[in-house]
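Trainee: Could you take me through this structure step by step? I am new to it.

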Amino acid sequence: MPNSAEQPRRVTIDPEGPLLVEGPVEVVGDDGTVHASRRFAVAICTCRRSRTYPWCDTSHRRRVKPDGGRTRTAGQQETEASS
Ligand code: FES
């Protein structure tokens, strides 16, 4: 459904991730390429780490906590980081 004054398209900012946009949408890349999605809602990458850019593929999660506070060495099981 196209956006209108009565039903504006909603964009939600995730401070640690993508922009969530109600679809369908067309996104114009910085090289002029048009990417279209007919989904009900789409997540647009803001970190530029996505392998499916401009769509978010959750790669941003690695930027926030690279190992989730855990450490792992070769041959060992994952353990809590000691501090
Ligand atoms: S914001 Fe999710 S991969 Fe970039």
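Trainee: Which residue is the bridge partner of Glu22 in S5?

Mentor: The bridge partner of Glu22 in S5 is Ala41. Please note that this is a predicted model, in which local features need pLDDT of at least 70, side-chain atom pairs count only at pLDDT 80 or more, and totals for chains, interfaces and linings use all residues. Residues are numbered from 1 along each chain as its sequence is written.

Trainee: How many bridges join S2 to S5?

Mentor: Four bridges join S2 to S5 (residues 41-44), and the two strands run antiparallel. Two strands pair if DSSP finds at least two bridges between them. Strands (E, at least two residues) and helices (H or I, at least four residues) are DSSP runs, numbered from the N terminus.

Trainee: Which strand is joined to S2 by three bridges?

Mentor: That is S1 (residues 11-13), which runs antiparallel to S2 (residues 19-22). Thr12 stands opposite Leu20 in S2, and a hairpin of five residues joins S1 to S2.

Trainee: And what do S3 and S4 form?

Mentor: S3 and S4 form a hairpin with five residues between them, and Gly32 in the turn has a positive phi of about 90°. Four bridges join S3 (residues 25-28) to S4 (residues 34-37), again in an antiparallel arrangement. The bridge partner of Val27 in S4 is His35.

Trainee: In what order do the elements run from the N terminus on?

Mentor: The order is β-β-β-β-β-α-β-β, with one helix and seven strands in the chain.

Trainee: A change of topic: where is Pro24 found?

Mentor: Pro24 is found in the loop between S2 and S3. The peptide bond from Gly23 to Pro24 is cis, with omega near 0°. A cis peptide bond also joins Tyr53 and Pro54, with omega about 15°; Pro54 is in the loop between S5 and helix H1 (60-64).

Trainee: What is the phi of Arg48?

Mentor: The phi of Arg48 is near 65°, a positive value in a residue other than glycine. Arg48 is in the loop between S5 and H1. Thr58 lies in the loop between S5 and H1 and has a positive phi of about 75°, although it is not a glycine.

Trainee: Is Arg48 buried or exposed?

Mentor: Arg48 is exposed, because it has 9 other C-beta atoms within 10 Å. A residue is buried if 20 or more other C-beta atoms lie within 10 Å of its own, exposed if 12 or fewer, and partly exposed in between, with C-beta atoms placed from the backbone. Thr58 has 12 such atoms, so it is exposed.

Trainee: What percentage of the chain counts as buried?

Mentor: Of the 83 residues of the chain, 7% count as buried.
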